[in-house]
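Let's take a friendly walk through this model, from its charged pairs to its cores and rings. Have the viewer open as you read.

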Amino acid sequence: MANETVDREQLDDAGVWTTTEDGERVPDYDATFPTINEGEVVHGTVVRVDKDEVLVDIGYKSEGVIPVAELSIRRSVNPADEVNLGDEIDALVLTKEDAEGRLILSKKRARFEMAWKAIEQAAESGEPVNGRVIEVVKGGLILDLGVRGFLPASLVDIRRVQDLDEFLGQELRCKVIELNRSRNNVVLSRRAVLEDERKEQRQQILDRLNPGDVVDGQISNIVDFGAFVDLDGMDGLIHISELSWSHVNHPSEVLDIGQDVKVKVLDIDRDRQRISLGLKQTQSDPWQQVLETYNEGDTVEGKVTKVVTFGAFVEILPGVEGLVHISELAQHHVENPREVVSQGDLVQAKIIEVDAERRRLSLSLKRVEGGGVTQRADDSEAIEGTPNLDLSEEVFPEGAPEAPALEDAAAVEEASAVEEAPAVEEAPAVEEAPAVEEAPAVEEAPAVEDSSGVEEPPADEEPAPEEIDADIEADEVAPDEPGPGDSEGEAPAAPDEPD
């Protein structure tokens, strides 16, 4: 028994006592302290919090010191905001003994080492990580993951976020999309997490909706070709042609971002996960009012909405436009519709055709008694039935004879109607030869007496050479008979015979 007791005491004291060189037994204090190495993570309790450092008891021969710069990855922190007296924390051993013999620890580096392992595992598995937003920087957010993680602004949400400050202090769930240990670089994406969550929501929405359903939504974005509507987790598109029964130049004329709307489901592409919506289908069709109220031959008042080369469009009801063809603008020939009407003019028009199937309305201004335009767009009164040609003074240069004035506008229309062909097609008067003037008469040349004393015919009636020879022969045969060349049919006088 005695031997067993001695052996047990010797074993118990083996870790506490040590023998010096002189053979003296002394307590082995170093053996009572844990073995620590630089770069090792230790666990301890906060025993003191100062303004520039924190003391931690890790069971070593002296408390470890954590400088304020080693408390957090955030800059310029207050130690009292990071730890409290009695908190149990992990810290990384930076130096076992500095120049002053102190044990230097780092809380942020211990978190970094442990966090980096967790981030590497999350990056490999694709699992998201949680982090609190601690800074708003140019181009994105900084998250505290134990490591400074960067979340670009374009990946904060599914849609572009205008104000990043609203996320400051929030805890966000993100995916790790880039990792670089040598640069301690971590890039995150919250958008990837939201898109994964919305995949299930989109599928549920697609399974729930059918063409023809009327649902509530909110305008999430406006583009040139239409507007996107958020249907509680999935966007549908309203094409610009489906926004209103009337013509729309840009969707912003009808809708605003964030506006609540009621839309009708027109089509669903389940393979591509796209939904086509219509806004005008939830509104009353103005064409029904046209069919119930107006008939062919009725005179209506409207506003010119657009002037084109082949006529003008006139809105007679909100969402209902009719076409006035160029041939129906005025009684006279019209080269350009802008000679008669302008955009914004108020006009009186007659309905000449209603095509309900094609939703087309044909109007006429010239068939309205008294003219078509009642008020110009600039609120200036127009002369009914008379187009404003806006001719400059260059058309009538100085010194040109003035056209006779007509008594009234009706005479102008009548005179214009007579001239069927445009003036530009007529040949200028100066180029035509006067029809009444005859060519001047050619004066007859006086008869020239030849050596025989016989008068020759005028130059314009000179006989042919054969006829002249025949006349000479006839005179020689019968000098007393009149010949065709003799004057007044009398025979020429015979020559006197010599005595």
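## Salt bridges

The count comes to 15 salt bridges, a salt bridge being a side-chain nitrogen of Lys or Arg within 4 Å of a carboxyl oxygen of Asp or Glu. Before going through some of them, a word on the ground rules. This is a predicted model, in which local features need pLDDT of at least 70 and side-chain atom pairs count only at pLDDT 80 or more, while totals for chains, interfaces and linings use all residues. Residues are numbered from 1 along each chain as its sequence is written, and side-chain values use heavy atoms, with hydrogens and water left out.

| Salt bridge | N to O distance |
|---|---|
| Arg-132 and Glu-171 | 3.4 Å |
| Arg-191 and Glu-195 | 3.1 Å |
| Arg-367 and Glu-328 | 3.0 Å |

Helices (H or I, at least four residues) and strands (E, at least two) are DSSP runs, numbered from the N terminus. Arg-132 is partly exposed at 42% relative accessibility, and Glu-171 is partly exposed at 48%. For these labels, buried means under 20% relative accessible area, exposed over 50%, and partly exposed in between (1.4 Å probe, protein chains only).

An α-helix has 3.6 residues a turn, so residues three or four places apart point the same way. Arg-191 is partly exposed at 30%, and Glu-195 is partly exposed at 31%.

What does the bridge between Arg-367 and Glu-328 tie together? Arg-367 lies in the loop between S22 and strand S23 (373-375) and Glu-328 in the loop between S20 and S21, so this pair ties together parts that are 39 residues apart in sequence. Arg-367 is partly exposed, with 44% relative accessibility, whereas Glu-328 is buried, with a relative accessible area of 9%. Elsewhere, salt bridges that share partners join Glu-53, Glu-100 and Arg-102 into one network.

A nonpolar core is a set of buried Ala, Val, Leu, Ile, Met, Phe, Trp, Tyr and Cys residues joined through side-chain atoms within 4.5 Å. The largest such core has 24 residues, and Ile-316, Val-341 and Leu-363 have the most contacts inside it. Two or more residues of this core come from each of H6, strand S18 (299-308), S19, S20, S21 and S22. S19 gives the most, with four residues.

Leaving out residues up to four places away in sequence, Ile-316 touches Tyr-294, Val-300, Glu-301, Gly-302, Leu-361 and Leu-363, where contact means heavy atoms within 4.5 Å. A second, separate core of 23 residues includes Ile-119, Leu-151, Val-161 and Leu-164.

Now turn to helix H6 (residues 286-293), where Pro-286, Trp-287 and Val-290 are buried. These residues cover an arc of only 105 degrees around the axis, which puts them on the same side of H6; the arc is that of the directions from the helix axis to the C-beta atoms. The buried residues of H6 pack against strand S19 (311-317), strand S20 (320-325), S21 and S22.

## Aromatic pairs

A search of the whole structure finds three aromatic pairs. Rings of Phe, Tyr and Trp (its six-membered ring) pair if their centres lie within 6.5 Å; planes under 30 degrees apart count as stacked, over 60 as edge-to-face and the rest as tilted. The rings of Phe-112 and Trp-116 have centres 5.5 Å apart and planes at 25 degrees, so this pair is stacked. Both residues lie in helix H4 (residues 107-125), four residues apart. Phe-112 is buried at 15% relative accessibility, and Trp-116 is buried at 1%.

Phe-310 and Phe-313 form an edge-to-face pair, 6.3 Å centre to centre with 85 degrees between the planes. Phe-310 is partly exposed at 39%, and Phe-313 is partly exposed at 23%.
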